[in-house]
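I opened the notebook to record what I looked up in this structure. The entries follow the order in which I made the look-ups.

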Amino acid sequence: MSRSAPRRGQLLRKFITVSAMFGAGALLVATSLPAVALQMNSASALTPELPTTSNSQVQSLIVNHEAADAAPTRDPYTVVNTIQQARMKFGLKSFSYTNDTNGTIQWPFPSPVPISSGFGARVSPCGGCSSFHEGVDFIPGAGTPIGAIADGTVTYAAYDGNFGYHVIIDHNINGQKVQSLYAHMLAGSIKVVVGQQVTVTQELGLVGSTGHSTGAHLHLEVHLDGTPVDPFAWLKANAN
């Protein structure tokens, strides 16, 4: 046998081995490329394209500084008390007056004080109060001394549920029986007793809010022969 035969066999085996290696490499490249390409395409499909410009509209608020600085408006309503309601219903009345401190008939206070309610029909200011006011309400302040309007005799000095602590004095003025009533005095402040003779301006008690009352005041009544009359009008005509 020729020595060339084994050499050809060795070359053939080497060629087969190299061919096999080359085929395996080609197969590896062929199978890997589609997978990479698929991954790239999938990533592109899953990632949305972001717009380079925005189409959204920006909202804005314009403030009118003149309107912001303006004072707030309020509902057109007012609050009034019962005395104001009565005056609006029955008309305003002037309660101005002067007092002669040397007179035999005087007002219950040496100097003029405010009057909150006059004689006559009114809106009842409380549950037990009447709708026809038979007196005049003076409001000089709680604790102010109350003076007798004329000389006379005390006929009542006690408490009841209507007038609270109050005093009644009988007078004889120009031959006519006149009676004065001083109501809603401060508890414990009455300074006279029944049957006592008093003189004009003598202290009877202190302004309070006992009985049917909505606040500290003197309710003064004047009766002529048992009939109540307007105390303001009577004092204006007779105080001297």
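**Entry 1: a tryptophan in a loop**

I looked up W107 and found that this residue counts as buried, at 3% relative accessibility. Buried stands for under 20% relative accessible area, exposed for over 50%, and partly exposed for the range in between (1.4 Å probe, protein chains only). I note that the model is predicted, that local features need pLDDT of at least 70 and side-chain atom pairs pLDDT 80 or more, and that totals for chains, interfaces and linings use all residues. Residues are numbered from 1 along each chain as its sequence is written, and side-chain values use heavy atoms, with hydrogens and water left out.

W107 sits in the loop between helix 3 (82-90) and strand 1. Helices (H or I, at least four residues) and strands (E, at least two) are DSSP runs, numbered from the N terminus.

I then asked which residues W107 touches, not counting those up to four places away in sequence. I found Y97, T98, N99, F138, I149, F232, L235, K236 and A239, where contact means heavy atoms within 4.5 Å. The C-alpha atoms of W107 and A239 are separated by 7.0 Å, although the two residues are 132 residues apart along the chain. The side chain of W107 also reaches the backbone oxygen of T98 at 3.2 Å.

**Entry 2: helix 4**

An α-helix has 3.6 residues a turn, so residues three or four places apart point the same way.

At the start of helix 4, a side-chain oxygen of D230 comes to within 2.9 Å of the backbone nitrogen of F232.

**Entry 3: strand 8 and its partners**

I turned to strand 8 (residues 176-185), where seven of the 10 residues are buried. Strand 8 pairs with strand 7 (residues 164-173) in the antiparallel sense over eight bridges; two strands pair if DSSP finds at least two bridges between them. I173 has Q176 of strand 8 as its bridge partner.

The hairpin of strand 7 and strand 8 has two residues between the strands. One look-up there was N174, whose phi is near 55°, a positive value in a residue other than glycine. N174 is exposed, with a relative accessible area of 78%.

Strand 8 also pairs with strand 11 (residues 218-224) in the antiparallel sense, over six bridges. Q179 has H223 of strand 11 as its bridge partner.

Is H223 buried or exposed? H223 counts as buried, at 13% relative accessibility. Leaving aside neighbours within four places in sequence, I found H223 in contact with K177, V178, Q179 and P228. The side chains of H223 and E221 are joined by a polar contact of 2.7 Å. A polar contact is a pair of N or O atoms within 3.5 Å; within protein, one must be able to donate a hydrogen and the other to accept it, and residues adjacent in sequence count only if both atoms are side-chain atoms.

L224 also lies in strand 11. Beyond four places in sequence, L224 touches Q176, K177, V178, V229 and W234.

In the loop between strand 11 and strand 12 I looked up D225. Phi of D225 is near 55°, again a positive value in a residue other than glycine, and D225 is exposed, with a relative accessible area of 54%.

**Entry 4: salt bridge search**

How many salt bridges does a search of the whole structure find? The search finds one, and I record it as the meeting of the side chains of K191 and E203 (3.6 Å, N to O). K191 lies in the loop between strand 8 and strand 9 (197-198) and E203 in strand 10 (residues 203-206), so the pair ties together parts that are 12 residues apart in sequence. A salt bridge is a side-chain nitrogen of Lys or Arg within 4 Å of a carboxyl oxygen of Asp or Glu. K191 is partly exposed, with a relative accessible area of 48%, and E203 is partly exposed at 29%.
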